[in-house]
Amino acid sequence: DTLEMWIKVQLLWTSLESVFLGGDIAKQMPLEAKKFSKINKDWEKLMLRASETKLVVISCGNELLRTTLPILYSELEKCQ
């Protein structure tokens with residue numbers, strides 16, 4: 001479940017990253033851009049911790065990752 005959610009969040013984050021970090025849409029949608037900016041910071045912190053762990057199986061067992069991913073996914077959906 002955690003790995004599936006991780007992939008879903010990553011796919012959605014990737015598609016929105018180019019929209020909000022690279023152009024005019026961020027200016028046209030300032031509230032969504034601000035939300036995405038916060039999500040982006042949380043996502044980057046989470047991925048930094050995961051990269052320090054180096055093993056996906058161990059990372060997926062991390063309680064912070066398991067609880068944060070559904071929240072990030074929900075918030076990313078609001079930015080669409």
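This is a predicted model: local features need pLDDT of at least 70, side-chain atom pairs count only at pLDDT 80 or more; totals for chains, interfaces and linings use all residues.
Helix α5 (residues 63–79) packs against helix α3 (residues 30–53) with the axes 10 Å apart, and against helix α1 (residues 2–20) with the axes 9 Å apart. Helices α1 and α3 also pack on each other, with their axes 11 Å apart.

**Helix α3 with helix α5**

- The angle between α3 and α5 is about 155 degrees; angles over 145 degrees count as roughly antiparallel, and α3 and α5 are therefore roughly antiparallel to each other.
- The two helices, α3 and α5, cross in a left-handed sense.
- On the α3 side the contact is made by E32, K35, F36, I39, D42, W43, L46, M47 and R49. On the α5 side it is made by L64, L65, T68, L69, L72, E75, L76, K78 and C79.
- The contact of α3 with α5 comprises eleven nonpolar residues, one polar residue and six charged residues.

**Helix α1 with helix α5**

- Helices α1 and α5 pack at an angle of about 35 degrees, and their crossing is left-handed.
- From α1, the residues in the contact are T2, M5, W6, K8, V9, L12, W13, L16 and F20. From α5, they are L65, R66, L69, P70, L72, Y73, L76, E77 and C79.
- By class, the contact of α1 with α5 has 14 nonpolar, one polar and three charged residues.

**Helix α1 with helix α3**

- The angle between α1 and α3 is about 130 degrees, which makes α1 oblique to α3.
- The crossing of α1 and α3 is left-handed.
- Helix α1 contributes W6, V9, Q10, W13, L16, E17 and F20 to this contact, and helix α3 contributes E32, A33, F36, N40, W43, M47 and A50.
- Ten nonpolar, two polar and two charged residues make up the contact of α1 with α3.

**Buried residues in the helices**

- N40 lies in helix α3 and is among the α3 residues in contact with α1. Its relative accessibility is 8%, so N40 counts as buried.
- The side chains of N40 and W13 are joined by a polar contact of 2.9 Å. With residues up to four places away in sequence left out, N40 touches W13 and L21.
- T68 belongs to helix α5 and is one of the α5 residues that contact α3. T68 has a relative accessible area of 17% and is buried.
- The T68 side chain reaches the backbone oxygen of L64 at 2.6 Å.
- C60 is located in helix α4. With a relative accessible area of 15%, C60 is buried.
- Apart from neighbours within four places in sequence, C60 is in contact with T2, L3, W6, L65 and R66.
- C60 and M5 are 55 residues apart along the chain, and their C-alpha atoms are separated by 10 Å.

**An exposed loop residue with positive phi**

- K54 sits in the loop between α3 and α4 (56–60). K54 has a relative accessible area of 70% and is exposed.
- The phi of K54 is positive, at about 75 degrees, although K54 is not a glycine.
- Most residues other than glycine have a negative phi.

Conventions
Residues are numbered from 1 along each chain as its sequence is written. Side-chain values use heavy atoms; hydrogens and water are left out. Axes are lines fitted to C-alpha atoms, for helices over the stretch in contact, and angles run from 0 to 180 degrees between N-to-C directions. Helices (H or I, at least four residues) and strands (E, at least two) are DSSP runs, numbered from the N terminus. Angles under 35 degrees count as roughly parallel, over 145 as roughly antiparallel, 65 to 115 as roughly perpendicular and the rest as oblique. A crossing is left-handed if the near helix is turned anticlockwise from the far one by less than a right angle, and right-handed if clockwise. Contact means heavy atoms within 4.5 Å. Ala, Val, Leu, Ile, Met, Phe, Trp, Tyr, Cys and Pro count as nonpolar, Asp, Glu, Lys and Arg as charged, and the others, Gly among them, as polar. Buried means under 20% relative accessible area, exposed over 50%, partly exposed in between (1.4 Å probe, protein chains only). A polar contact is a pair of N or O atoms within 3.5 Å; within protein, one must be able to donate a hydrogen and the other to accept it, and residues adjacent in sequence count only if both atoms are side-chain atoms.
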